[in-house]
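Have a look at it first, and then read on.

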Amino acid sequence: MTDWRLKLTPEQFHICWEKGTERPFSGGLLHNRKTGIYHCVCCDAPLFESSAKFDSGCGWPSFDRAVPDAIRYEEDLRHGMRRVEILCANCGSHLGHVFPDGPTETGQRYCVNSLALEFSEADKTP
């Protein structure tokens, strides 16, 4: 079993394993416009392609779709709200929530904590 406290920063551990949330507009990947793949910070599983990213104005990186079979969905009734929590299907770490108010044809807005993600830029060589 992985000791996530040794692998992650205290902030990453709080978000991924204690279901925390980073402050809106504070995440390092919020304004990332590079081409590549967003991976789980815990297990490196691919979660989102950069082509699915859009600016929702909510303060967290937003995507309209996930990599197939990359996300597990659970009902979240915390904080007096009914939401759908998104977790890495590979390791179970908390990523954020998905909402049915996205502006694209999918109608989805995956609202993800930057600290739950790592980004790998696509190779630019032909």
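His 39 stands opposite Pro 46, which belongs to strand S2. The model you see is predicted: local features need pLDDT of at least 70, side-chain atom pairs count only at pLDDT 80 or more, and totals for chains, interfaces and linings use all residues. Residues are numbered from 1 along each chain as its sequence is written, and side-chain values use heavy atoms, with hydrogens and water left out.

Let's stay with Pro 46 for a moment. Pro 46 is partly exposed, with a relative accessible area of 40%; buried means under 20% relative accessible area, exposed means over 50%, and partly exposed lies in between (1.4 Å probe, protein chains only). Leaving aside residues up to four places away in sequence, Pro 46 touches Ile 37, Tyr 38, His 39, Val 67 and Ala 70, where contact means heavy atoms within 4.5 Å.

Now follow the strands. Helices (H or I, at least four residues) and strands (E, at least two) are DSSP runs, numbered from the N terminus, and two strands pair if DSSP finds at least two bridges between them. Strand S1 (residues 36-40) and S2 (residues 46-49) pair in the antiparallel sense over 3 bridges, and Tyr 38 has Phe 48 in S2 as its bridge partner. The two strands form a hairpin with 5 residues between them, and in the turn Asp 44 has a positive phi of about 70 degrees.

S1 also pairs with strand S9 (residues 117-121), antiparallel again, over 5 bridges. There, Gly 36 has Glu 121 as its bridge partner. Put together, this gives an open sheet of 3 strands in the order S2-S1-S9. S2 and S9 are the edge strands, each pairing on one side only. Why is S1 largely enclosed by the rest of the structure? Because 4 of the 5 residues of S1 are buried.

Finally, look at the nonpolar core, a set of buried Ala, Val, Leu, Ile, Met, Phe, Trp, Tyr and Cys residues joined through side-chain atoms within 4.5 Å. The largest one has 26 residues, and those with the most contacts inside it include Leu 47, Phe 48 and Leu 117. Among the elements that each supply at least two residues of this core are S1, S2 and helix H2 (10-17). H2 gives the largest share, 3 residues. Leu 117 touches several residues, including Tyr 38, His 39, Leu 47 and Phe 48, not counting residues up to four places away in sequence.
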